[in-house]
Each structure stands twice: as structure tokens, then as C-alpha cells.
Amino acid sequence: MYLNAVLVPWDEEALTWNSFGPGAIAEFNYDPSPLDHFSGNLTGPGLMTFAIPAGTIQSWIDNPGQNYGVLLWSATTPPWQDVGFASREN
């Protein structure tokens, strides 16, 4: 699992993975250098934690209009899945 800074505004009702990334547009939509990553094993439901660098947090505090959030994604290819996501309404 990787955590990357998003570089552009986005709309949760219109955004899809195919319209946002990956590939050549990655460097425009999100910073391709991960802020942090998780590599481990969870045996069932569990909690993953990520450390966002203090400089990134300070940048968001200093420039809140430039805080577009983070992208949490998995590099595992189908049919394997290393994590499942639930919607914010779940």
C-alpha cells in the first residue's frame, strides 16, 4: 500500500481510477514519490497506519488551498487483492 500526495482538486462524484491515474498522468494528478508505504500482513480486518512527513503537514497548514488530500493505493495486480476499501458511507 502506498500513500501519495494529490496535486490537483478532484470531485468524489466524478473521479475514477481510470480518469485519475496511473501511468503518464500520475505525475500531474499525484506526486509519484510516496509519502509513506505499508508492507506487512494483515490476517483479516485490521488497521494500517501511515506517517505523513512533518514538512507535508506544515505545507498544508501554511497553504490550505494546496491540500488536496492523499491517494491510498495498492500496487498488487488482479486477481490478487491485498486490501479492501469501504466507502466513506460504510
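User: What does the side chain of Asn4 reach at Asp31?
Analyst: A polar atom of the Asn4 side chain lies 2.7 Å from the backbone oxygen of Asp31, a polar contact in the sense of a pair of N or O atoms within 3.5 Å, where within protein one must be able to donate a hydrogen and the other to accept it, and residues adjacent in sequence count only if both atoms are side-chain atoms. This is a predicted model, in which local features need pLDDT of at least 70 and side-chain atom pairs count only at pLDDT 80 or more, while totals for chains, interfaces and linings use all residues. Residues are numbered from 1 along each chain as its sequence is written, and side-chain values use heavy atoms, with hydrogens and water left out.

User: Is Asn4 buried or exposed?
Analyst: Asn4 counts as buried because its relative accessible area is 0%, with buried meaning under 20%, exposed over 50% and partly exposed in between (1.4 Å probe, protein chains only).

User: And where does Asn4 sit?
Analyst: Asn4 is in strand β1, residues 2–5; strands (E, at least two residues) and helices (H or I, at least four) are DSSP runs numbered from the N terminus.

User: OK, the sheet then: what is the strand order?
Analyst: The order is β2-β1-β3 in an open sheet of three strands with antiparallel pairing, where two strands pair if DSSP finds at least two bridges between them. The edge strands are β2 and β3 (70–73), each of which pairs on one side only.

User: What about Leu72, how far is its C-alpha from that of Asn4?
Analyst: The two C-alpha atoms are separated by 6.6 Å, although the residues are 68 apart along the chain. Leu72 belongs to strand β3 and counts as partly exposed because its relative accessibility is 33%.

User: Switching to Asp36, which backbone nitrogen does its side chain reach?
Analyst: The Asp36 side chain reaches the backbone nitrogen of Ala51 at 2.6 Å. Asp36 is found in strand β2, residues 36–37, and, not counting residues up to four places away in sequence, touches Met1, Tyr2, Leu3, Phe50 and Ala51, contact meaning heavy atoms within 4.5 Å.

User: Last one: where is Ile57, and why is it called partly exposed?
Analyst: Ile57 lies in helix α3, residues 54–62, and is called partly exposed because its relative accessible area is 34%.
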